[in-house]
Amino acid sequence: MSVNVRQRSESLLTITSVKTLAISPQSSFSILRHLSSGTALKIGLGTTHSAHLPDCRGRSDYSYTRGDSILKMLARLLGFEHPPQFRFLGKWEFMVMFRESIKLSFEPVFVRRLLATAIPVCLQTLMFSSRSLADIMMTAHLGLSEVAAIGFSGRIIFVMNLAIFGIASGGGVIISQQWGAKFRDQARRSTGIALLLGLPFAAVFVGLCALIPDALVGLASTDASVIELGSTYLRIAGLMAFPLTIGTVFSVALRSIGLAKISMRLSIVGVGSNLLLNYMLIFGAWGMPRLGLEGAAYATLISSLLETGCGIAYIYMRKSSLAFSLADIREGIRSGLCRKIANVAIPLAINGVVWSFGVLVYNILVGRMGTSELAVLSMITPIESIIVALYVGIATAASVITGHRLGAEEYSDAWSEGKAFFVWSVLCAIFSSILIWSARGLILSFYPAIEGDTLTDATQVLTALALVSGFRSVNITVIVGLLRSGGDTRFCLGLDLFCQWAVGILLTYLTAFVWHMPLYIVFLAINSEEFVKLFLCVYRFSSKKWIRNLVKPERLVPATECGCNTVG
């Protein structure tokens, strides 16, 4: 028998390490920490009965009082009764869990691993967001119609971005776990399969932008000049779908194997060339033609081609582990890897398309309020995207690190580090809200052509953004970073669609066209989905149902092994 027990009081024991333990029917205790990894727990019932738990890694907090019989306690642990429901932790229990999560959150080794992925991804996302920001800021000098046209056209491209990113992320979930399990060949094949699944989405988008761009822009505005300008932008910029698909798949795959810095450097090429070409083609600098809004579209297309070309060159010239061939794609299809990735990626792609279409509906509703209101939303969107870049950095680090843990079947570590990522998301929420609130005046100073009622509306919407931004931090970290890392994509799909369509869009319509509320109230209604989503995604995270290994079908993780039915 090997036991390490600390006496806390007459009625409470904390078991920190157990191999075999015999207890009497009168005993009571609380398991307040994870039991030793890889060790079976044997509970002796007197001298004649015994039972085994197969593996107690990652199990949650169980509390029992002196009134509980040992048989009842054992039955609960083995899952023979109804699983414990969500409950409020006791004061001492909460303090233990909170203290340990905080301690892990700031351990040097954990922080280094977090920042190694979070900082490059944050900068990469920030640079990607700066593309639309640069387009809007440079065309702001041309007029209000140009700002509204480019803002809404950017939203349409955003729909395409999320669909492609959903496919790439599905591949990234599998690649991350394969890398953690040291299945290098499968990771290479998964990269090729993800690209194969993404190209049809790109083809559909290019076709829509080429054939019916005026109908797409006309969804948001009845202003003839806005429709004409937006259609011109979409016909040109829509062609970026193909290079963007290739670049996104490679970028996500590089992050998934821990090479986020390479993805960031590729983004520097894309963003740098976009800024330079914007200046040259919008204003006709250095002998180039003055193209105005068309120049912004051409700059977006050319910079996307340059970034993707550099990515392909790096992957294949350096003979990266991700450099797949047609034979890898054929093998991936033959072995069933294509189906496995599709099961994760398709819900993410549907999620991205339907959720981004919901964002489009938000823009349509605001656009029907007037061109001035649409222009304010277009001004705020890039700022919102920059703040979200911080959240995406933390979420991506969580996804990669947790995916590696799950692939290596280190479930207890995945759960413990998940709580640490949760702590970081709360800290980011506080930081971003304070930053937006204090920088309102500086942000609006970048739009000298905006004045009067439009400027007042923008100030109020920025204040509302500071209020709701923090909720999004937790949601993105839990949903994108943790739930998806275990392939819990169907739940994420249902969660996003319910909160957006049943809550957010409904309230936006009511506040805008039934109650005729001011723009900042409508903006709060748009973000009301984040309030509801917060409680549901945190509850799902606590259930541990997302802790799954996706790359070893012969060794799926049973719910009882991870303590999936309880709160930890």
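How many disulfides does the structure hold? The structure holds zero, a disulfide being a pair of cysteine sulfur atoms within 2.5 Å. The model is predicted: local features need pLDDT of at least 70, side-chain atom pairs count only at pLDDT 80 or more, and totals for chains, interfaces and linings use all residues. Residues are numbered from 1 along each chain as its sequence is written, and side-chain values use heavy atoms, with hydrogens and water left out.

Cys209 is buried, at 1%. Cys310 is partly exposed, at 33%.

Helices are DSSP runs of H or I with at least four residues, numbered from the N terminus. Helix H17 (residues 489-514) packs against helix H19 (residues 528-543) at about 155 degrees, and their axes lie 8 Å apart. H17 is therefore roughly antiparallel to H19 (angle over 145 degrees). Axes are lines fitted to C-alpha atoms over the stretch in contact, and angles run from 0 to 180 degrees between N-to-C directions. Contact means heavy atoms within 4.5 Å. On the H17 side, the contributing residues include Phe491, Leu495, Phe498 and Cys499. H19 contributes Val532, Leu536, Cys537 and Arg540, among others. By class, the contact has nine nonpolar, three polar and four charged residues.

Gln178 is found in helix H4 (residues 144-180). Gln178 is buried, at 1% relative accessibility. Residues up to four places away in sequence aside, Gln178 touches Phe183, Gln186, Ala187, Ser190, Leu337 and Val551.

Terms used. Helices (H or I, at least four residues) and strands (E, at least two) are DSSP runs, numbered from the N terminus. Angles under 35 degrees count as roughly parallel, over 145 as roughly antiparallel, 65 to 115 as roughly perpendicular and the rest as oblique. Ala, Val, Leu, Ile, Met, Phe, Trp, Tyr, Cys and Pro count as nonpolar, Asp, Glu, Lys and Arg as charged, and the others, Gly among them, as polar. Buried means under 20% relative accessible area, exposed over 50%, partly exposed in between (1.4 Å probe, protein chains only).
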